[in-house]
Amino acid sequence: MKNLVLFIVLATLIPLGGWAQSTVLQSDDTVEDSIPKKKVLVIPFHDIRYYFSDCDKDVGKASKVALPNVRKSYMLGLDYATEEHMEKAYEPINLAQMKDSVDKATLGEFYNNVSYNYETPSRSMNKKQASVMSKMKARWKSIGSKKEEPTLNDMESYVTVDANDKEYMRLNWKNEEYLEKLNTLYEPNYIVTINQFEIKTDFEKCIDRDLGKFARQIKVHYNVFRPDGKQIYGDVVTARYNSTNDDINKIIQDNFGFLADYITQSLPGRKK
C-alpha cells in the first residue's frame, strides 16, 4: 500500500518506476521488530533559495516535465529515497511529503527560523559510510577495462566525498524557542536537514561533444543534529554520473539511493 501511495504522489510529476533505491546498491541492515526505533525528523532543502542546477531545461525537455516540477521531483525523490533507507533502522518523519497541514505549516515556519553559512565539513567518516563508498568503487572498477580506468561513458553512477569540497552549506538554528516547538511537535531523537542541492555539469569532461554530453555531479549538503541543536555530523556528498540520459526518472533511480544511504549512515545508534 505504501509503495502505491508513493507512486501516485510522484506520478503527478513524472512517470516513475522503482526509483527509490539504486539497482546497484542494496542495504542489508536489519533491525529486530522488538527494538524501538529512534525517530528521525528529515527536513528538505528550500527548493528556491538553496537549489542550483545548470541542466533543468535539458532534463525537463527529455522527461517532458515542466521546469518547476523538475526541482520538485528532485526534492521528493531524495526525500522518499531517504525514507526508504532510514525506515530499516529508524522511524523517519519526512516533512517534504507534507502529509498534513501541521507538516506544511512547520516547513514554512522552519526556513524563517534558521540561517545558513559555508563551513569546513566535520567529515569523520564512520565504517558504515566507508562501506557504502567501498561498494560503489568496487562496482565502478568492475565495469571498466582490466587494463585501464573506466571512463564516465561506460561506468555507472557512484557516490563519493569530493576532496575538493573544502566547505559545505551548514544550517544554524537562530531561534531556540522554535527548536523547542519542533521537538514538542515531533519528538525526534535526531534531526537531519538537507541544506542545499546542486547539479553541476563538468564541461571539461566531455563524453560526446557532438551530442553535448558531459560528466555531471549531484551534490547534497546536509547536517545531522541532536534535538538540542548540537551538530553530530555535517558534510557534502557527491554522486557522479553522465548526461547521456537526461531522463529524470533514470537520474533519480540511479543516484538518489546512493545519496540517501550515505546520509542514513551518518546517523548514530544503528544496530552493529
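## Aromatic cluster

Phe45, Tyr51, Tyr74, Phe197 and Phe256 form one aromatic cluster. Rings of Phe, Tyr and Trp (its six-membered ring) pair if their centres lie within 6.5 Å. The whole structure holds 13 aromatic pairs.

This is a predicted model: local features need pLDDT of at least 70, side-chain atom pairs count only at pLDDT 80 or more, and totals for chains, interfaces and linings use all residues. Residues are numbered from 1 along each chain as its sequence is written, and side-chain values use heavy atoms, without hydrogens and water.

## Two helices

Helix α2 spans residues 56-63 and helix α3 spans residues 67-86. Helices are DSSP runs (H or I, at least four residues), numbered from the N terminus. The two pack at about 95 degrees, with axes 9 Å apart. Axes are lines fitted to C-alpha atoms over the stretch in contact, and angles run from 0 to 180 degrees between N-to-C directions. So α2 and α3 are roughly perpendicular (65 to 115 degrees).

From α2, Asp56, Lys57, Val59 and Gly60 make the contact; from α3, Leu67, Val70 and Tyr74 do. Contact means heavy atoms within 4.5 Å.

## The cavity

There is one cavity of 30 Å³ or more. A cavity is a set of points on a 1 Å grid where a 1.4 Å probe fits but cannot get out. The largest cavity has about 50 Å³ of space; a volume is the space filled by probe spheres set on the points.

Its lining includes Val42, Phe45 and Met75; lining residues have an atom within 4 Å of a point. Helix α3 gives the most, with four residues.

Definitions and conventions:
Parallel < 35°, antiparallel > 145°, perpendicular 65-115°, else oblique. Phe/Tyr/Trp six-rings, centres within 6.5 Å; stacked < 30°, edge-to-face > 60°. 1 Å grid on protein atoms, 1.4 Å probe; cavity = no way out; pocket = protein on both sides within 12 Å on 5 of 7 lines; lining within 4 Å.
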